[in-house]
Amino acid sequence: MGTPETSREPCPDRILDDVGGAFGMGAVGGSAFHFLKGLYNAPKGDRLVGATQAVRLNAPRVGGSFAVWGGLFSTFDCSMVYLRQKEDPWNSIFAGAATGGFLSMRQGLSASARSAAFGGVLLALIEGAGIMLNKFLSAQQQMPVMIDDSMPGYPPNGLPGQPANQPVTAPSDSETKSWLGGWFGEGKKNDEPASSGGSETKILESFDAPPVPNFEYK
């Protein structure tokens with residue numbers, strides 16, 4: 001995700017881009033504001049005519065004022081980029097202060113200083129909000145997804161009666177046989193035939209061989 005400084009147009013084209021964007025924003029916003037104002041102030045029966053006349057007279061003026069502000073701001077911003085040879089929020093803050101002070105120069109030095117301070121503070125708040133939003137979105141994108149594979153009702157990474165961090169091991173054959181023997185009877189285990197490879201084999205506890213005959217002649 002690009003920052004507001006890196007996602008903008010390069011500096012020579014940035015001035016025209018900001019002038020056009022500011023004019024459009026001012027014209028649209030001014031048209032809506034003055035349409036409602038003219039609709040409210042016009043006499044009954046001529047409200048629509050009064051609203052359209054108010055928009056026609058005031059919307060271009062508001063759009064031009066926004067365009068002047070946007071053009072001066074982009075000019076000061078590009079000047080700071082050229083002088084400092086880097087893009088950072090300080091360029092926008094200085095450009096906002098310089099624009100506010102420059103537009104109020106005809107009203108005196110004190111008014112120009114107040115406008116410059118107001119413009120700098122306003123741009124600082126805007127840049128700070130943009131930086132915080134970018135950090136929040138980048139943190140959300142880099143956050144790993146945690147998947148819990150533990151069984152329901154069991155502690156994570158463990159069985160009942162085991163610590164949480166102890167690894168789970170598979171039961172051995174002897175433990176399985178002892179559990180099955182406890183459930184289905186331990187004593188019947190030796191009497192049942194054991195099947196191996198498809199052939200039946202009986203386990204004999206004891207085996208007595210028959211006597212071997214003796215063929216000696218006496």
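I started with Arg14, which counts as buried because its relative accessibility is 3%. Buried here means under 20% relative accessible area, exposed is over 50%, and partly exposed is in between (1.4 Å probe, protein chains only).

Before going on, I noted that this is a predicted model, where local features need pLDDT of at least 70, side-chain atom pairs count only at pLDDT 80 or more, and totals for chains, interfaces and linings use all residues. Residues are numbered from 1 along each chain as its sequence is written, and side-chain values use heavy atoms, with hydrogens and water left out.

Next I looked up salt bridges (a side-chain nitrogen of Lys or Arg within 4 Å of a carboxyl oxygen of Asp or Glu). I got 3 of them by that rule.

I checked Asp77 with Arg14: they form a salt bridge, with the closest N and O atoms 3.2 Å apart. Asp77 sits in helix H2 (residues 47-84) and Arg14 in helix H1 (residues 11-41), so this pair ties together parts 63 residues apart in sequence. Helices are DSSP runs (H or I, at least four residues), numbered from the N terminus. Asp77 and Arg14 are both buried.

Arg14 also meets Glu87 in a salt bridge, at 3.0 Å from N to O. Glu87 is in the loop between H2 and helix H3 (89-103), so its pairing with Arg14 in H1 links parts 73 residues apart in sequence. I put Glu87 down as partly exposed, because its relative accessibility is 36%.

Then I turned to Arg84 and Asp88, whose side chains meet in a salt bridge at 2.6 Å, N to O. Arg84 is partly exposed at 29% relative accessible area, while Asp88 is buried at 13%.

Conventions:
Helices (H or I, at least four residues) and strands (E, at least two) are DSSP runs, numbered from the N terminus.
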